[in-house]
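Hi,

Here is the structure I said I would pass on.

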Amino acid sequence: MAANVVSDHVSATIPASTSVPSFVSTIAAYETLSSHKLLVSAAVVVLSILALEQAVYRSKKQALPGSPWTIPIIGKFMDSMNPTMEGYISQWNKGPLSALSVFHIFIVMASSNEYTRKIFNSPTYAEPCLVASAKEILEPDNWVFLTGKLHADYRRGLNSLFTRKAISIYLAIQDKVTREHFARWLADAKPEHEDIMNKIRDLNMETSLRVFCGSRIPQPAVMEITEQYWLITLALQLVNFPLAIPGTNVYNAKQCRKRAMKHLTEAARLSKLAMAAGETPECLVDEWVTQMRAQDENSKGKTDFSDHEIAQVVLSFLFASQDAMSSGSIYLFQHFADYPEIAAKVLEEHDRIRPDPSIPLTLDQIDQMPYLMAVVKESLRLKPPVTMVPYKTTRAFPISENYTVPANAMLIPSIYPSVHDPEVYPEPGKLIPERWLDPESPANKNPKNYLIFGSGPHKCIGQEYAMLHMANTIVTAAATMEWDHKITPDSENVQIIATLFPKDGCLLRFRPRGTTA
């Protein structure tokens with residue numbers, strides 16, 4: 001009886017047709033509504049972040065030319081993954097200063113000579129950053145990243161490594177190594193044309209290591225660094241995946257740097273032992289150690305360098321020389337083949353100064369070859385190895401009356417437009433060495449435009465060394481070999497891998513001088 005009463009009461013309170021199913025439906029509806037609200041909330045957050053990104057970009061950009069909006073999150077990342085000269089020229093043509101963004105990095109690109117030089121010469125506002133991963137690859141305390149008095153003192157301690165006396169020693173080493181490579185090129189020559197990019201890179205790396213470290217670095221170490229340095233080159237492109245996790249360019253470059261530093265640090269240690277034992281200096285590090293031993297407390301600049309610091313400096317020299325000199329040398333070989341009348345003038349001058357090409361060139365002899373040096377200088381102008389050098393603003397930089405670059409922005413001074421300015425270099429797309437032989441030419445009247453080696457406190461310390469290395473390499477090659485160039489549709493197009501290279505790799509075929517093809 002009681003059970004029936006309860007049953008009747010429940011039935012009377014909750015209709016049988018709607019009791020449990022109605023409750024479940026309510027819960028489901030609530031969950032659906034909650035999910036919908038969650039999705040709406042997430043969408044609002046995402047859209048707010050994207051709107052904030054655009055607002056920040058536009059507030060930094062202000063009235064500068066450039067895209068009015070940035071692609072969400074990645075910006076110009078896809079363009080940066082496959083950079084082209086056409087893309088760079090398009091950006092430069094937007095104005096003396098223009099803006100873009102890559103992965104939330106706000107970038108101001110300078111195309112005019114005025115702004116480019118101003119960036120190079122404003123160390124209180126901007127410092128070289130090269131690429132975002134450069135400090136991780138070259139080590140954050142490497143001297144190339146120093147600024148102010150620290151950098152000046154460090155550089156002053158290195159200046160004596162590039163005196164004419166020192167360069168004369170290096171020239172003899174360069175000559176020996178290049179001849180060994182030329183002999184291998186001829187011995188391995190094939191009937192068909194070959195890509196010379198790796199040949200030139202190998203020649204430059206071994207030359208540099210022997211100039212810098214001499215016999216203090218064994219041949220297996222030279223071969224290891226030569227074979228693996230390409231990993232550093234790949235990681236020093238303008239845009240790379242930023243994290244150093246296994247498989248990435250930055251990770252591979254760090255491992256290469258660690259192995260190279262091990263060899264270079266050991267070379268520094270052996271050099272100090274050899275100089276303490278009274279041996280004759282045979283390379284740059286030996287000269288450096290000898291000078292350190294002769295200095296006292298009154299000497300200017302940094303005078304005491306540890307083995308690790310010496311290795312870091314040598315690594316920075318390799319970084320500065322390998323890709324740039326490889327690029328410059330490849331284009332010299334290409335230009336000698338494509339402009340036979342220019343090559344003939346160089347050889348005529350050379351044969352008059354050095355009748356016997358088997359004898360190494362001296363610095364005094366190169367001084368008597370103005371046309372050769374004009375060709376080297378002009379070839380570098382036509383195809384500048386480095387088109388731009390990224391800097392980072394350390395504070396707000398009032399670069400013009402109308403615009404201030406915000407702090408922590410990437411600021412890129414561009415070299416290419418300055419060395420292709422038609423007012424300074426008439427017919428800028430042509431190889432005209434004679435423009436450097438006339439003291440009254442616009443080229444010689446405007447030295448500020450020739451920014452191949454930079455400007456300001458971070459200007460290339462080894463400028464003369466690099467020029468003489470390329471001059472000695474090309475003139476000795478021309479005096480001992482002949483080559484022809486297989487021209488393809490990509491011969492004049494460039495690929496940008498840290499520096500400029502012919503897109504087809506420069507296809508040459510070598511033979512001894514005086515023989516027929």
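Let me start with a contact between two side chains: Glu136 and Lys254 form a salt bridge, 3.5 Å from N to O (a side-chain nitrogen of Lys or Arg within 4 Å of a carboxyl oxygen of Asp or Glu). Glu136 sits in helix α6 (residues 134-138) and Lys254 in helix α11, so this pair ties together parts that are 118 residues apart in sequence. Helices here are DSSP runs of H or I with at least four residues, strands are runs of E with at least two, and both are numbered from the N terminus. Glu136 is partly exposed, at 31% relative accessible area; buried means under 20%, exposed over 50%, and partly exposed in between, with a 1.4 Å probe and protein chains only.

Before you go further, a word on the source: this is a predicted model, where local features need pLDDT of at least 70 and side-chain atom pairs count only at pLDDT 80 or more, while totals for chains, interfaces and linings use all residues. Residues are numbered from 1 along each chain as its sequence is written, and side-chain values use heavy atoms, with hydrogens and water left out.

Back to the salt bridges: the whole structure has 30 of them. Another one joins Lys345 and Glu434, with the closest N and O atoms 3.3 Å apart. That pair links Lys345 in helix α14 (residues 340-353) to Glu434 in the loop between α17 (416-419) and α18 (442-445), 89 residues apart. Lys345 is partly exposed at 43% relative accessibility, and Glu434 is partly exposed at 31%.

What about Arg511 and Asp484: buried or exposed? Both are buried, and their side chains meet in a salt bridge (3.2 Å, N to O). Arg511 belongs to strand β10 and Asp484 to strand β7 (residues 481-485), 27 residues apart. There is also a network, in which salt bridges with shared partners join Arg164, Asp364, Asp367 and Glu464.

As for the overall picture, the protein has 19 helices and 10 strands. Of its 517 residues, 49% count as buried. Among contacts (heavy atoms within 4.5 Å) between residues at least 6 apart in sequence, 72% join residues at least 24 apart.

One more pair to look up is Asn198 and Gly505: they are 307 residues apart in sequence, yet 8.8 Å apart in space, C-alpha to C-alpha. Asn198 is in helix α9 (residues 197-213) and is exposed, with a relative accessible area of 56%.

Cheers
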